[in-house]
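Biologist: I want each label tied to a cut-off. Can you take me through them one at a time?

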Amino acid sequence: MPTTCLNYDKKCGGCPLLALPYREQLNQKQARLQGLLGGFAPVRAVQGMAEPYHYRNKAIASFAMQHGRLVCGLYAEGTHRVLPSADCLLQEEILNKTLAAVLEAARAEKKISKALEAARACRWTAYDEDRGTGLLRHTVLRSSGDGKVLVTLVTPGADLPGSKNFCAALRKKAPWVVSIVQNINPTRSSAVLGNREKPLWGPGFVLDTLCGLQFAISSRSFYQVNPRQTEVLYRAALD
């Protein structure tokens, strides 16, 4: 599995210890815990992951216009400059595939199906927070353990022209998507999600199973983002 990232040298900031071997990362965490807690109680060994890549079941990407073209990705650390990428080492691979499909469906220029023969795809633009213009702010993706994905588009207003075309195009490109939601965030702030949502297709959530229990996860649900280690953590707490 590749352990290099195109955006690491561009100061993405998501994986500041990426160049450090994983065992050394765990050693640093162990030393930190020992310094914080060792004076009060014995500190057990940190329980690391067997494979510390592609584990996050949630992804957030921001849209921007670069050279007249819609892109999406993470902000460079300490900025609002988008680093275009759909291949994050932290996110589950199904989320990376979904992010690429979302971007392709949002900016596609070809006809999307025979049933929509006369329709053109969306060609949406990114929201400009300084001017208050444009349509797409962010996308939030949530995945389940069986590879299903909820897609949320964040817009500054309720109007989303071409949403049916987008849903049809995305479902064709990413058939594992089980629901598509529009979240409306009119505020000029760093908050990703607003308080209003409306389903564009599907139930508005994705089902996931954790510790034998099933949960309906929406874009705004609090849910641990590392399912493999969540079960390790919860079992340790129960023990």
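Biologist: Which residues is Glu-92 in contact with, leaving aside neighbours within four places in sequence?

Modeller: His-54, Tyr-55, Arg-56, Asn-57, Ser-143, Ser-144 and Pro-227. Contact means heavy atoms within 4.5 Å. Glu-92 itself sits in the loop between strand 3 (82-84) and helix 2. Keep in mind that this is a predicted model: local features need pLDDT of at least 70, side-chain atom pairs count only at pLDDT 80 or more, and totals for chains, interfaces and linings use all residues. Residues are numbered from 1 along each chain as its sequence is written, and side-chain values use heavy atoms, with hydrogens and water left out.

Biologist: Why is Glu-92 called buried?

Modeller: Buried means under 20% relative accessible area, exposed means over 50%, and partly exposed is in between (1.4 Å probe, protein chains only). Glu-92 has 16%, so Glu-92 is buried.

Biologist: His-54 is among the contacts of Glu-92. What makes His-54 buried?

Modeller: A relative accessible area of 10% makes His-54 buried. His-54 lies in the loop between helix 1 (22-37) and strand 1 (58-66). Its phi is positive, about 50°, although His-54 is not a glycine.

Biologist: His-67 also has a positive phi. Is His-67 buried or exposed?

Modeller: Exposed, because His-67 has 85% relative accessibility. His-67 is in the loop between strand 1 and strand 2 (69-75). Its phi is near 55°.

Biologist: On to Thr-155. Why does Thr-155 count as buried?

Modeller: Its relative accessible area is 0%, so Thr-155 is buried. Thr-155 belongs to strand 5 (residues 149-155). Beyond four places in sequence, Thr-155 is in contact with residues including Leu-135, Leu-160 and Ile-184.

Biologist: And what makes Ala-101 buried?

Modeller: A relative accessibility of 6% makes Ala-101 buried. Ala-101 is in helix 2. Not counting residues up to four places away in sequence, Ala-101 touches Leu-170, Lys-173 and Ala-174. The C-alpha atoms of Ala-101 and Ile-217 are separated by 21 Å, at 116 residues along the chain.

Biologist: How many aromatic pairs does the structure hold?

Modeller: Two. Trp-124 and Phe-166 form a pair with 5.1 Å centre to centre and 35° between the planes.

Biologist: Why is the Trp-124 and Phe-166 pair called tilted?

Modeller: Rings of Phe, Tyr and Trp (its six-membered ring) pair if their centres lie within 6.5 Å; planes under 30 degrees apart count as stacked, over 60 as edge-to-face and the rest as tilted. The planes of Trp-124 and Phe-166 are at 35°, and the pair is tilted.

Biologist: What makes the Phe-215 and Tyr-223 pair tilted?

Modeller: The ring centres of Phe-215 and Tyr-223 are 5.9 Å apart and the planes are at 55°, so the pair is tilted. Tyr-223 is buried because its relative accessible area is 12%. Phe-215, at 32%, counts as partly exposed.

Biologist: How do you know that Lys-97 lies over the face of Trp-176?

Modeller: A charge sits over a ring if NZ of Lys or CZ of Arg is within 6 Å of the ring centre and within 35 degrees of the ring normal. Lys-97 is 4.7 Å from the ring centre of Trp-176 and lies over its face.

Biologist: How many helices and strands does the protein chain have?

Modeller: Four helices and nine strands. Helices (H or I, at least four residues) and strands (E, at least two) are DSSP runs, numbered from the N terminus. The order is α-β-β-β-α-β-β-α-β-β-β-β-α.

Biologist: Of the 239 residues of the protein chain, what percentage count as buried?

Modeller: 38%. Among contacts between residues at least 6 apart in sequence, 59% join residues at least 24 apart. The C-alpha trace spans about 70 × 40 × 35 Å along its principal axes.
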